Amino acid sequence: MTILSPVLMIGMIALVAFLTKSSIEKKSTIAFVDDSGFFSENDLEDNNTIHFEDLTSIGLEKAKVIVNESTQEGLLFLPNNKDINQLAKSIQFFSKDSPGMITISTLESIIEKKLQDEKMLQLNIDIQKLEKSRVKVDINLANFSGEKSSKLINGIKIGLGMAAGYMIMLFIIVYGAMVMRSVIEEKTSRIIEVIISSVKPFQLMLGKIFGMAAAGLTQFFIWGVLLFIGMIISSFVFGTDLSGNLNTTQIPAQQMEVLAQSKGQFILLEILNLPLFSMFILFILYFLCGYLLYSSIYAAIGAAVDNETDSQQFMLPVLMPLMIAVYVGFATVINDPHGTIATLFSMIPFTSPIVMLMRIPFGVPWWQILISLLILFFTFLGVVWIAAKIYRVGILMYGKKVNYKEIYKWLKY
Amino acid sequence: MKNLLVAENVVKNFGEFKALDKVSIQVPKESIFGLLGPNGAGKTTLLRIINQITLPDSGQILFDGKKLEPNDIRYIGYLPEERGLYKRMKVGEQVMYLAQLKGLSRSEAKKRINYWFDKFEIGGWWNKKVEELSKGMAQKIQFIITVLHQPKLLIFDEPFSGFDPINVNLIKDEILDLKEKGATIIFSTHRMESVEELCEHIALLDKANKVLEGRLVDIKKQFKTNTFEVGLNVENKTELLQDLRARFIVSPANFKSLEDDLKLNIKLQNNETSSDLINYLNTKASINHYVEVIPSASDIFIRAVNQNH
């Protein structure tokens with residue numbers, strides 16, 4: 001199952017991509033009645049998604065009846081109104097079902113452009129001069145060390161940071177809970193006393209934590225490889241660009257054509273421009289340290305309780321900082337990746353693995369990373385020392401309802 | 001070196017609760033040592049300290065004359081009272097894993113596992129999962145795990161629980177056999193008849209203190225009350241009874257005999273000896289039954305604990 005999950009994930013993405021694509025490819029037919037006289041055939045000509053049918057000659061009332069009985073998506077009505085401002089407010093669209101958002105916005109942009117041109121004519125504005133006078137500003141972003149950047153890459157950075165932070169949270173919870181379950185299993189099956197007459201409880205606990213980390217990294221690796229293979233296969237089978245597909249609909253038609261060929265390469269280039277290797281290393285480092293910190297807590301909880309149901313009361317304080325980290329990340333890092341709050345939470349050891357990873361794509365000074373990692377690591381040492389004490393006592397305690405006060409007492413045994 | 005294991009003034013507190021209060025015991029080499037005591041007396045805590053599962057607050061444990069070290073766990077085999085196995089692991093793999101934890105090489109472990117599996121006639125269990133085993137079957141596996149690395153010191157906490165009488169005898173014989181081969185055995189149980197049968201030395205813990213220790217024979221001598229169980233054949237029982245009551249402390253006894261005789265427990269006083277009693281009885285009646293009452297381990301247990309309270 002664990003090996004299959006990336007396959008399932010790929011399948012889902014491919015399915016979504018496939019469905020989105022085929023729904024875009026399906027052209028909808030829209031009839032129109034143009035009483036205004038502003039629109040020539042050229043203005044309402046077929047494009048990628050819409051096929052236009054001119055019903056002006058038969059009038060609005062008849063057209064309504066016809067469209068209602070046909071498979072056409074709807075009827076666009078442009079009333080007879082020579083005042084463009086008023087016309088703009090009185091255009092109607094009749095349809096059986098609610099029309100798609102994309103269809104409406106496409107129609108709006110077509111009509112808007114045409115009416116704007118008309119208006120300019122009325123105001124004696126030379127359209128060609130106006131076109132020439134247009135200046136398009138595109139600020140090139142760069143940092144002081146000279147690495148170029150772009151607005152698009154900011155989005156990519158946010159995406160990568162969020163994904164990395166979120167993944168760390170997920171893995172900490174999943175593997176931490178596995179450590180806990182394994183401790184509980186040894187306790188409930190009563191093999192624990194046999195084992196710890198051969199190895200020290202501390203060795204057993206650390207072995208469990210490190211073993212699970214190794215298992216996690218291996219699983220990581222397998223997933224990565226499968227994901228990569230799956231991406232290639234599915235893009236081959238469906239002919240879709242998985243990475244870009246979900247954004248396509250949001251980009252206006254004209255830009256899309258320009259970007260269509262180069263976009264995939266462009267994104268790829270931008271991603272390759274990021275310090276990917278150091279990001280990867282830091283991901284592994286923060287994952288390991290964060291996991292070590294949290295799984296020692298999980299191990300202590302597992303030792304303190306008799307079964308998984310009892311562990312619930314101790315779960316909240318563990319999940320809370322993780323949740324806070326993700327929310328802080330989503331809320332502050334996007335707007336201000338180097339602000340006080342983001343920096344503070346990327347130093348607090350219980351939130352730093354998540355928040356810092358979200359910040360890293362935006363470029364974090366190395367000394368901040370170093371301090372945050374050091375704090376994280378030494379907190380781990382402190383926590384594992386306390387966890388070991390709880391663990392040592394807890395694994396031999398049966399049938400006792402444990403609370404925080406009780407655990408505090410164990411620290412002094 | 002006479003003793004394999006010596007505990008010196010071991011103290012262990014759990015918060016306010018005193019689990020062991022300056023307990024010292026001496027376990028002679030190649031003996032079977034019974035560690036007895038009521039529930040909650042501190043036996044398991046002491047056993048855990050010997051196994052280095054728990055650390056004592058003060059006091060020390062000497063193993064073979066030297067201070068107990070982490071490495072010594074190789075020479076100790078421990079069958080805890082709360083024992084279990086990984087439920088979803090195969091029997092063979094599991095025994096192999098636990099044997100390697102004790103420092104055996106794979107091939108050596110394999111050889112010894114085969115030896116024990118053959119001995120217990122469970123060779124076919126290698127690929128069985130533990131959850132398929134009955135409690136008694138699992139206990140056999142646990143016994144094998146305990147003895148597999150041929151430890152100098154074996155510690156059994158309630159080894160017979162969960163066994164039917166046939167398997168109890170099987171395990172008992174194995175324990176005696178291990179002792180013959182030079183192992184020293186600490187044996188903690190509430191089954192007093194197996195204490196009688198197996199133990200040469202005992203120590204009795206009660207309320208965190210040691211109340212008794214020594215050779216079982218010596219302790220029995222110490223606890224005997226100079227009481228004799230007699231069966232007397234006489235015509236006038238009431239008259240004899242009155243005579244005896246005048247000289248000794250007499251109470252009715254209960255044992256099986258063929259005759260309808262007077263069954264009594266007679267306790268001697270004032271330095272009188274057994275031969276005094278026999279001579280006296282001979283003049284009064286014919287003696288069918290005459291035996292000294294030796295306190296059982298169970299009697300000693302109860303009396304010692306009651307005295308301590």
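Trainee: Which residues of helix 12 of chain A meet helix 14 of chain A?
Mentor: From helix 12 of chain A, the residues are L322(A), A325(A), V326(A), V328(A), G329(A) and V333(A). They meet I354(A), V355(A), M358(A) and R359(A) in helix 14 of chain A. Keep in mind that this is a predicted model.

Trainee: How do the residues of that contact of helix 12 with helix 14 of chain A divide?
Mentor: Eight are nonpolar, one is polar and one is charged.

Trainee: At what angle do helix 12 and helix 14 of chain A pack?
Mentor: The angle is about 20°, and the axes are 8 Å apart. Helix 12 of chain A covers residues 312-333, and helix 14 of chain A covers residues 352-359. Angles under 35 degrees count as roughly parallel, and helix 12 and helix 14 of chain A are therefore roughly parallel to each other.

Trainee: Is their crossing left-handed or right-handed?
Mentor: The crossing of helix 12 and helix 14 of chain A is right-handed.

Trainee: What about helix 14 and helix 15 of chain A: roughly parallel or roughly antiparallel?
Mentor: Roughly antiparallel. Helix 15 of chain A spans residues 366-394, and helix 14 of chain A packs with it at about 165°, with the axes 11 Å apart. Helix 14 of chain A passes helix 15 of chain A in a left-handed crossing.

Trainee: Which residues make that contact?
Mentor: S352(A), P353(A) and M356(A) come from helix 14 of chain A, and I369(A), S372(A) and L376(A) from helix 15 of chain A. The residues of this contact divide into four nonpolar, two polar and no charged.

Trainee: Zooming out, what domains does chain A have in the assignment?
Mentor: The assignment gives domain 1 as 27-130 and domain 2 as 148-234 + 264-410. The C-alpha centres of domain 1 and domain 2 of chain A lie 56 Å apart.

Trainee: And how many residues does each chain put into the contact between chain A and chain B?
Mentor: Chain B gives 17 residues and chain A gives 13. On the side of chain B that touches chain A, 10 residues are nonpolar, three polar and four charged.

Trainee: Over to chain B. How do strand 1 and strand 2 of chain B run?
Mentor: Strand 1 (residues 3-14) and strand 2 (residues 17-28) of chain B run antiparallel, joined by eight bridges. As an example, N13(B) has K18(B) in strand 2 of chain B as its bridge partner.

Trainee: What sits between those two strands?
Mentor: Two residues lie between strand 1 and strand 2 of chain B, which form a hairpin. G15(B), in the turn, has a positive phi of about 65°.

Trainee: What is the strand order in the open sheet of four strands in chain B?
Mentor: The order is 12-13-11-14, with antiparallel pairing. Strand 12 (249-252) and strand 14 (286-292) of chain B each have a single partner strand, so they stand at the edges, and one side of each is left without a neighbour in the sheet. The twist averages 25° from one strand to the next.

Trainee: How many bridges join strand 11 to strand 14 of chain B?
Mentor: Six, with strand 11 of chain B covering residues 227-233. In strand 14 of chain B, V291(B) is the bridge partner of E229(B).

Trainee: Which strands does helix 8 of chain B touch?
Mentor: Helix 8 (residues 237-247) of chain B packs on the sheet and touches strand 11, strand 12 and strand 13 of chain B. Its direction makes about 5° with that of strand 13 of chain B.

Trainee: And where does helix 9 of chain B lie?
Mentor: Helix 9 (residues 274-284) of chain B lies across strand 11, strand 13 and strand 14 of chain B. Helix 9 runs at about 15° to strand 11 of chain B.

Note on methods
Residues numbered from 1 in each chain as written. Chains lettered and ligands numbered in written order. Predicted model: local features only at pLDDT ≥ 70, side-chain atom pairs only at ≥ 80, totals over all residues. Domains from an automatic or database assignment. Contact = placed C-beta atoms within 7 Å. Nonpolar A, V, L, I, M, F, W, Y, C, P; charged D, E, K, R; others polar. Pairing = 2+ DSSP bridges. Axes fitted to C-alpha atoms, helices over the stretch in contact; angles between N-to-C directions. Parallel < 35°, antiparallel > 145°, perpendicular 65-115°, else oblique. Left-handed = near helix turned anticlockwise from the far one by under 90°.
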